[in-house]
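This report describes the sheet, a helix packed on it and an aromatic contact in the model shown below.

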Amino acid sequence: MNQAKVFITDEQKAVLLPRGTRMLIRRCCNAVLFEEEFDGKAEISVSIVDNKAIHTLNKQHRNIDRETDVLSFPLGENGEYDVNPSNGAKLLGDIVISAERAVEQADMYNHSLQREIGFLTVHSMLHLLGYDHEAGGLEEVRMREKEEKVLTKLGLKRDNSYYNGEDE
């Protein structure tokens with residue numbers, strides 16, 4: 001298995017990201033590819049933005065008029081990807097993470113910001129590889145199991161429930 005090239009840009013000033021965040025994102029991307037037995041070279045773009053920027057993207061691309069935690073923009077379909085002609089790497093797509101939402105969710109779920117950024121990266125990587133949870137059911141369960149398996153292997157095991165004690 002080849003190591004993925006992960007291009008990371010921090011386009012926000014709202015959150016000072018902890019030291020090692022870029023390395024964490026790269027490790028998460030590569031761990032998903034390893035777990036999924038992805039063959040060959042890959043390239044992924046990850047942008048870290050603020051709530052305003054992700055709100056704009058969510059409205060523009062999904063017609064949802066609010067911020068979200070992460071967006072995935074896969075470039076492939078059914079395991080077929082465009083290839084970078086200069087190095088033969090498969091272009092998997094783009095991940096956009098809201099740093100502000102990551103901080104909010106880390107607080108809400110009572111875990112570290114690193115765990116939340118790791119989760120959002122792994123979640124989005126699975127989307128780039130074709131997984132979907134939107135319809136719920138078995139696909140959602142399979143995706144959640146894969147997320148937790150990768151995060152546990154990276155030392156980011158969930159130690160708390162996602163239930164935060166509030167009525168919905």
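## Aromatic contacts

A charge is taken to sit over a ring if NZ of Lys or CZ of Arg is within 6 Å of the ring centre and within 35 degrees of the ring normal. K90 lies over the face of F38 in this way, at 5.1 Å from the ring centre. This is a predicted model, in which local features need pLDDT of at least 70 and side-chain atom pairs count only at pLDDT 80 or more, while totals for chains, interfaces and linings use all residues. Residues are numbered from 1 along each chain as its sequence is written, and side-chain values use heavy atoms, with hydrogens and water left out.

Rings of Phe, Tyr and Trp (its six-membered ring) pair if their centres lie within 6.5 Å; planes under 30 degrees apart count as stacked, over 60 as edge-to-face and the rest as tilted. The count comes to 1 aromatic pair. F38 and Y81 form this edge-to-face pair, with 6.0 Å centre to centre and 70° between the planes. F38 lies in the loop between helix 1 (21-35) and strand 2 (42-49), and Y81 in the loop between strand 3 (70-74) and strand 4 (90-98), so the pair ties together parts 43 residues apart in sequence. Helices (H or I, at least four residues) and strands (E, at least two) are DSSP runs, numbered from the N terminus. Both F38 and Y81 are buried (under 20% relative accessible area, with exposed over 50% and partly exposed in between; 1.4 Å probe, protein chains only).

An open sheet of 4 strands has the order 1-2-4-3 with mixed pairing, where two strands pair if DSSP finds at least two bridges between them. Strand 1 (5-10) and strand 3 stand at the edges with a single partner strand each, so one side of each has no neighbour in the sheet. Strand 1 pairs with strand 2 in the parallel sense over 6 bridges; V6 has I44 in strand 2 as its bridge partner.

Helix 2 (residues 51-62) lies across strand 2, strand 3 and strand 4, at about 45° to strand 3. Contact means heavy atoms within 4.5 Å; axes are lines fitted to C-alpha atoms, for helices over the stretch in contact, and angles run from 0 to 180 degrees between N-to-C directions.
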